[in-house]
Amino acid sequence: METLYKITKFQIQNIIRSNWIIIYTFGLILTTSLIIYFTNDSSKVIVSLMTIMFILNPLIGILFGSIYLYNSREFIELVLTQPIKRSTLYSGLFLGLVIPFILVTIVGVGLPLAASNLIEPDLIGNLLSTSILLVCIFVSIAFLITTFIVERSAGLGIAFIIWLFLCWIYDGFLLFFSYAFQDYPIERIILALTIINPIDLARINILLRFEAAAMLGITGAVFQDFISASLGKVITFAVHLIWIFIPFSIGYFRFKKKDF
Amino acid sequence: MVTIKDLYKSYGKLEVLKGINLSFERGKITAIVGPNGSGKTTLMKCILGLVHFNKGKILIDSNDVSSNFNYRELIGYMPQIGRYPENLKAIEIIKLIIELSNNRKPVNLDYLIDLFNFQPHLNKFVKNLSGGTIQKLSAILAFLFDSKLYILDEPTAGLDPIATVDIKNLITKKREEGATFAVVSHQLTEVESFADNLVFILEGKIVIDSPIKDFITTTGKQNLEEAVIDFLKVQN
Amino acid sequence: MLKYQIFGLIFLLFLLGCSNSNKPEEIKYGVDVCSFCKMTIVDPKWGAEIITNKGKIYKFDVVECMIAYANSILKPEEIKSYWTINFVKPKEWVDATKAIYIRTLQFPSPMGLNSLAIENYADTSKLNLKPGYEILSWEDVVKKAKEEYLH
Amino acid sequence: MKFFLGKMLLKKPKKSICINIILLLLTFSINPLISRIIEVDKSGILRTIKSAVNVARDFDTIYIKKGIYYEKDIYINKPLTIIGENGAIVDCRSEEGFGFLVKTKNFIIKNLTIKNIGISYIQDNAGLKFDSCENVLIENITIENGFFSIYFSRSTNFTIRNCKLSGNKNRTESNSGNGIHLWYCSNAKIENNEIRFQRDGIYFEFVKSSLIQNNFCENNLRYGLHFMFSDSCSYRGNTFKHNGAGVAVMYTNRVYMVENTFVDNWGPSSYGLLLKDIKRSYVSKNNFLNNTVGIYMEGTDQTLFEKNNFFKNGWALRITANCEDNTFRYNNFLANTFEVATNSSQSRNIFDRNYWSGYSGYDLNKDGIGDVPYIPVSLFTIIVQSNNYAVLLFRSFFVDIFEIAEKIFPSIVPKYLVDRKPSMRQFKW
């Protein structure tokens with residue numbers, strides 16, 4: 001445990017000092033403040049922030065995560081020659097990467113939002129926690145990619161494609177599917193397909209929590225019923241956790257067996 | 001000190017180590033030499049536990065490498081290329097390694113800082129250090145503790161002549177204190193100047209394993225470089 | 001290629017899993033909207049459903065909307081079954097083509113055809129029918145709906 | 001008759017009703033000279049309304065003194081005037097049946113509270129139920145915890161005004177009735193009433209030539225106002241706020257809808273105004289504020305929409321393909337999430353000189369008309385209009401990207417749905 005703490009700590013130290021993350025944080029603060037200042041309509045603010053938090057943040061998460069891991073390869077090697085467990089190092093690396101992102105999200109988006117008093121704290125909490133879960137998911141996918149793909153440029157390409165798939169291509173398939181099978185009772189399948197994708201799930205989860213929910217019509221009402229039920233809450237949370245857990249643990253086992 | 005028995009390692013279809021049998025004598029410096037891609041680094045990484053070998057056994061002072069990771073306490077390792085987290089200070093990295101190494105005492109720290117004139121660099125961020133300084137940092141990290149075994153991968157590459165001499169002196173000093181060394185190198189002339197034994201690896205097999213002096217004598221050449229070239233010609 | 005086949009298979013399984021049943025779905029009164037007239041369905045005594053061959057369920061507030069939908073938006077050959085709520089037992093479904101319809105102004109229907117559905121003649125005892133009602137078959141109701149409601 | 005109905009659209013008040021009412025009032029104002037006043041008093045001789053009705057002769061007045069009267073099924077078959085003192089309450093104790101059941105001509109009821117009307121799944125129980133009546137005035141009636149509150153069938157020439165009707169807010173749609181329910185009626189005038197927590201606030205089925213004005217319908221479970229097969233009626237100056245689904249006007253011709261406010265009708269299947277199979281109607285100077293859909297129209301033809309304000313609705317207009325020959329002009333579209341959604345593939349409706357807050361064109365010749373035509377349809381609204389499930393992609397990155405692409409290279413959005421002369425300035429109506 002102590003070793004895990006040390007590894008996490010030094011990583012956080014390293015990442016927090018990076019210009020990248022400082023610029024990104026200030027960028028977020030600035031964008032969020034501008035959005036609040038210029039729109040001043042709570043639902044529009046949420047919608048604009050959703051794009052940042054559910055699209056941009058994951059992209060930064062997966063790319064920054066991958067780049068960081070590729071850059072740290074030699075250092076990881078060196079640390080591994082010390083008498084510590086590989087699993088401890090892996091978990092430490094993950095925590096060390098994820099925690100700065102959580103801080104960045106809270107500082108960059110949460111603070112300006114809380115200061116503006118425009119959106120109820122409950123919803124801010126929801127927005128932040130969903131965004132944090134998404135970042136964790138994409139960082140954990142970055143871990144999966146970097147443990148399997150040695151070549152840096154290929155790895156980054158794949159990271160980008162995975163991001164693009166989850167936030168864009170997947171929705172295209174969903175739309176195509178719903179057109180193609182319109183005449184069938186596909187309500188539940190669509191529901192399932194939407195829930196499987198963490199970005200879609202995050203988006204709908206937030207949409208359903210403010211007044212725009214009604215615009216999703218009857219289809220949205222089905223979601224509302226599902227998501228607001230206690231089982232639904234558990235399932236939506238579980239889906240996000242699974243998305244973190246599966247790439248993380250596949251990467252974990254690979255990392256343990258890997259040759260450096 | 002180190003005993004390697006019948007070691008095999010392949011990456012997919014590519015066989016890198018094909019039955020290595022080797023031992024590093026206690027208190028001796030063994031130079032591991034061979035062309036690029038011959039398997040030197042892989043062999044090192046097998047000893048360090050970075051690479052999982054397919055078959056064979058490595059014992060370090062009767063510790064089996066594949067059963068427990070604590071044997072790494074015994075080893076000081078200097079990688080060929082040192083790359084460190086950019087936004088940490090040199091001193092922070094040194095502290096981290098000390099913390100991660102089961103709290104062994106960094107008995108040599110002051111001596112090393114003195115030796116490499118590292119004091120002015122301690123509080124600089126890694127991203128502001130030159131390549132040579134980073135190599136010195138790697139050396140400091142490798143020699144921090146009184147280890148029984150030192151594994152050095154091209155220790156002098158990228159160092160200025162003065163630092164190169166310093167490192168050689170350091171190696172000699174540690175050897176006199178009873179440490180065992182495995183040094184990977186390209187430069188035969190350099191190896192000749194401080195190593196006791198020569199291990200020459202070619203395509204995953206050991207072709208030479210003998211004390212340097214004996215090897216030169218048997219080939220009847222002037223120096224190690226000529227001897228090795230001569231030996232390889234005969235082999236072909 | 002194999003991947004596509006696997007995907008196809010999964011979808012097929014999905015579809016089979018959903019479309020196999022030929023049972024009407026419960027109407028959520030006050031929530032569900034009539035597929036034809038777009039009104040919120042509120043009166044539990046009335047209600048109708050179409051199940052298509054592909055398994056999709058359309059809900060209606062009353063049988064005349066169902067008939068109108070079946071004859072304007074869907075094609076009759078696409079439809080697997082017609083269902084209507086039993087007026088005297090509002091939780092029960094009756095096969096609409098076999099139900100008995102009673103047309104009376106005593107019980108005005110949401111869309112004005114005023115033809116309530118029951119399963120058998122015994123159910124009429126619960127209605128306290130006053131003179132002036134008509135008993136209709138499914139075919140009669142379809143005809144009347146087309147004449148008076150669909151135009 | 002046809003001529004008269006045509007006039008309906010042009011003339012705002014209903015003269016015939018006014019005249020009728022005046023005549024009616026005249027009749028009654030002479031009545032006291034020849035008719036008696038019968039007092040009902042909890043501590044008097046006549047302690048129940050029923051007994052008073054029994055002894056009353058035609059054109060008598062029954063005066064109900066303050067107090068709670070536990071009565072129901074008060075059956076009236078002769079012309080009477082019933083007036084309550086302040087604090088006169090009829091309590092039906094939620095038992096099945098009616099408050100009053102009236103079958104007569106010339107009936108007036110005023111200043112009375114009726115409460116706790118029983119729920120029935122088979123009968124349409126009401127506080128005041130009228131069957132085959134003529135010349136009726138209902139004024140200052142409060143109905144609390146009603147099932148149906150006021151129910152008219154096969155009646156003509158009647159006025160309901162200044163009433164406060166309310167159902168039980170804990171009920172669901174299926175166990176509540178309508179506030180004012182008219183079935184096969186004509187020449188009704190419904191004004192200045194407040195209606196809450198009913199199924200439909202005002203319900204019209206097969207009603208002709210009637211006027212609904214200045215009513216306030218709020219928090220009704222389904223519709224604030226529901227029109228079915230009711231030709232040649234007008235409603236104006238009403239406010240429909242936060243009703244389950246909004247206002248529905250269906251299967252009707254020649255409806256005159258003016259100066260109403262539709263606000264906060266917000267829900268998955270809500271709209272400000274639903275028009276279904278409507279012809280030759282007029283929709284003007286209405287405010288649509290904060291509704292999921294401002295106007296949802298299906299099968300609506302030859303209707304003029306002018307000078308309306310659409311403000312902050314999810315969709316200002318949703319128009320299905322079977323709507324033809326409608327004109328939208330001089331409307332303000334302000335801050336709606338989506339302006340127009342349609343799945344029509346042809347131009348069948350005209351948009352002319354509306355103000356669109358989404359318009360970003362310019363006006364070089366300063367004539368107040370934008371020089372660039374405005375297409376108020378976005379790609380997403382088209383997709384959604386033809387595929388319900390696509391709504392799940394609302395606010396998704398996928399849609400965002402396509403919207404941007406579509407703006408740069410228009411290809412899918414129909415170019416015919418266009419306002420060629422968008423106004424540069426917001427209209428003040």
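This is a predicted model: local features need pLDDT of at least 70, side-chain atom pairs count only at pLDDT 80 or more; totals for chains, interfaces and linings use all residues.
Over all chains, a search turns up 36 salt bridges and 64 aromatic pairs. As for how the chains meet, four pairs of them are in contact, and chains A and B share the most contacts.

**Where chains A and B meet**

- On this interface, 34 residues of chain B are in contact with 27 residues of chain A.
- The two chains bury about 2,800 Å² between them, and 59% of that is on carbon and sulfur atoms.
- On the chain B side, B:Leu50, B:Arg83 and B:Leu100 lose the most area to chain A, together 24% of what that side buries.
- Three salt bridges cross the interface of chain B and chain A.
- A:Glu77 and B:Lys45 form a salt bridge, with their closest N and O atoms 3.4 Å apart.
- There are also 16 residue pairs in polar contact between chain B and chain A.
- Which elements of chain B give two or more residues to the side that touches chain A? They are strand 1 (2-11), helix 1 (40-48) and helix 2 (90-100).
- Helix 2 of chain B gives the most to that side, with six residues.

**Chains that stay apart**

- Chain B and chain C don't touch, and their nearest C-alpha atoms are 25 Å apart.
- Chain B has no contact with chain D either, the closest C-alpha atoms of the two lying 34 Å apart.

**Salt bridges within chain D**

- Here's the background: side chains of opposite charge can pair when their charged atoms come close.
- D:Lys103 and D:Asp131 meet in a salt bridge, at 3.8 Å from N to O. D:Lys103 is in the loop between strand 7 (100-102) and strand 8 (105-115), while D:Asp131 is in strand 9 (residues 126-131), so this pair ties together parts that are 28 residues apart in sequence.
- Buried or partly exposed? D:Lys103 counts as partly exposed at 37% relative accessibility, whereas D:Asp131 counts as buried at 16%.
- D:Asp200 pairs with D:Arg222 in a salt bridge, their closest N and O atoms being 3.0 Å apart. The two sit in distant parts of the chain, 22 residues apart, and both D:Asp200 and D:Arg222 are buried.
- D:Asp301 and D:Lys279 form a salt bridge too, with closest N and O atoms 3.9 Å apart. D:Asp301 lies in strand 28 (residues 293-301) and D:Lys279 in strand 25 (residues 273-279), so parts 22 residues apart in sequence are tied together.
- D:Asp301 counts as buried at 14% relative accessibility, but D:Lys279 is partly exposed at 31%.

**Rings, and charges over rings**

- In chain A, the rings of A:Tyr90 and A:Tyr252 have centres 5.7 Å apart and planes at 70°, so the pair is edge-to-face. A:Tyr90 is in helix 5 (residues 86-116) and A:Tyr252 in helix 11 (residues 230-257), 162 residues apart.
- A:Tyr90 is buried, with a relative accessible area of 1%.
- In chain D, D:Tyr184 and D:Phe206 are stacked, at 4.6 Å centre to centre with 10° between the planes. D:Tyr184 belongs to strand 14 (residues 180-191) and D:Phe206 to strand 16 (residues 202-208), so the pair ties together parts 22 residues apart in sequence.
- D:Tyr184 counts as partly exposed, at 36% relative accessibility.
- The charged end of A:Arg254 sits over the ring of A:Phe148, 5.1 Å from its centre.
- Likewise, the charged end of D:Lys42 sits over the ring of D:Tyr69, 5.3 Å from its centre.

Terms used. Residues are numbered from 1 along each chain as its sequence is written. Chains are lettered from A and ligands numbered from 1 in the order in which they are written. Side-chain values use heavy atoms; hydrogens and water are left out. Rings of Phe, Tyr and Trp (its six-membered ring) pair if their centres lie within 6.5 Å; planes under 30 degrees apart count as stacked, over 60 as edge-to-face and the rest as tilted. Helices (H or I, at least four residues) and strands (E, at least two) are DSSP runs, numbered from the N terminus. Buried means under 20% relative accessible area, exposed over 50%, partly exposed in between (1.4 Å probe, protein chains only). A charge sits over a ring if NZ of Lys or CZ of Arg is within 6 Å of the ring centre and within 35 degrees of the ring normal. Contact means heavy atoms within 4.5 Å. Buried area is the accessible area (1.4 Å probe) that two parts lose on being put together, summed over both. A salt bridge is a side-chain nitrogen of Lys or Arg within 4 Å of a carboxyl oxygen of Asp or Glu. A polar contact is a pair of N or O atoms within 3.5 Å; within protein, one must be able to donate a hydrogen and the other to accept it, and residues adjacent in sequence count only if both atoms are side-chain atoms.
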